[in-house]
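Hi,

Here is the structure I promised to pass on to you. Have a look at it first, and then read on for my notes on what turned up.

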Amino acid sequence: GKKRLCALAEWAFGGGEGYCAACAGPCPDCPARLNRPQTIEGAQVWDLAQRLGGQMRVIPGAVIGWDMGAALALGVALGISLPAIAELLPALEAVMVRRVNAQIAANRD
């Protein structure tokens, strides 16, 4: 559900790749493994979220969200259920905005 995907988004958008850089290989405690989607719809929406890096709405010094029109169009093109997108993507967007803006602020300091 949303809890698992939001935890995965917290990890991924909060620098999760840096966390894994210290590992020799897949570890049993990896947040990416522990929080991976358990449904096809969840996996599809997570894949969609990862494809939206170039579809961000920004203002100087901050990200305000994804271009949801583009996100929906891409989701439809990929054959993802619109109700699944509508239910899950806004929660992932909120996490992404918070984590990316925190990284932007940290880099300014």
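Phe13, Trp46 and Trp66 form one aromatic cluster. Searching the whole structure gives two aromatic pairs; rings of Phe, Tyr and Trp (for Trp, its six-membered ring) pair if their centres lie within 6.5 Å, and planes under 30 degrees apart count as stacked, over 60 as edge-to-face and the rest as tilted. For Phe13 and Trp46, the ring centres are 6.1 Å apart and the planes stand at 65°, so this pair is edge-to-face. Phe13 sits in helix 1 (residues 2-13) and Trp46 in helix 4 (residues 40-51), so the pair ties together parts that are 33 residues apart in sequence. Both Phe13 and Trp46 are buried, a word that here means under 20% relative accessible area, with exposed being over 50% and partly exposed in between (1.4 Å probe, protein chains only).

Before going further, please keep in mind that this is a predicted model: local features need pLDDT of at least 70, side-chain atom pairs count only at pLDDT 80 or more, and totals for chains, interfaces and linings use all residues. Residues are numbered from 1 along each chain as its sequence is written, and side-chain values use heavy atoms, with hydrogens and water left out.

Now to the overall layout. The protein has six helices and two strands; helices (H or I, at least four residues) and strands (E, at least two) are DSSP runs, numbered from the N terminus. Starting at the N terminus, the order of elements is α-α-α-α-β-β-α-α. The C-alpha trace spans about 35 × 35 × 20 Å along its principal axes. How does the radius of gyration fit with a compact globule? A compact globule of 109 residues would have a value near 13 Å, and the protein has 14 Å, which agrees. (The radius of gyration is taken over C-alpha atoms, and the globule rule is 2.2 Å times the number of residues to the power 0.38.) Of the 109 residues, 32% are buried.

Next, the charged side chains. There are five salt bridges in the structure, a salt bridge being a side-chain nitrogen of Lys or Arg within 4 Å of a carboxyl oxygen of Asp or Glu.

Another salt bridge joins Asp47 and Arg51, whose closest N and O atoms are 2.7 Å apart. These two are four residues apart in helix 4, so about one helical turn separates them. Asp47 is partly exposed, with a relative accessible area of 30%, and Arg51 is partly exposed at 45%.

You will meet Phe13 and Trp46 again in the largest pocket: 13 residues line it, and those nearest its centre are Ala12, Phe13, Glu17, Trp46 and Gln50. The search runs on a 1 Å grid over the protein atoms alone: a pocket is an open set of points where a 1.4 Å probe fits, with protein on both sides within 12 Å along at least five of seven lines, and lining residues have an atom within 4 Å of a point. The elements giving two or more residues to the lining are helix 1, helix 2 (16-21) and helix 4, and helix 1 gives the most, with four residues. By type, the lining has nine nonpolar residues, three polar and one charged. (Ala, Val, Leu, Ile, Met, Phe, Trp, Tyr, Cys and Pro count as nonpolar, Asp, Glu, Lys and Arg as charged, and the others, Gly among them, as polar.)

Is Glu93 buried or exposed? Glu93 is buried, with a relative accessible area of 14%. Its C-alpha atom is 9.5 Å from that of Met68, 25 residues away along the chain.

Happy exploring!
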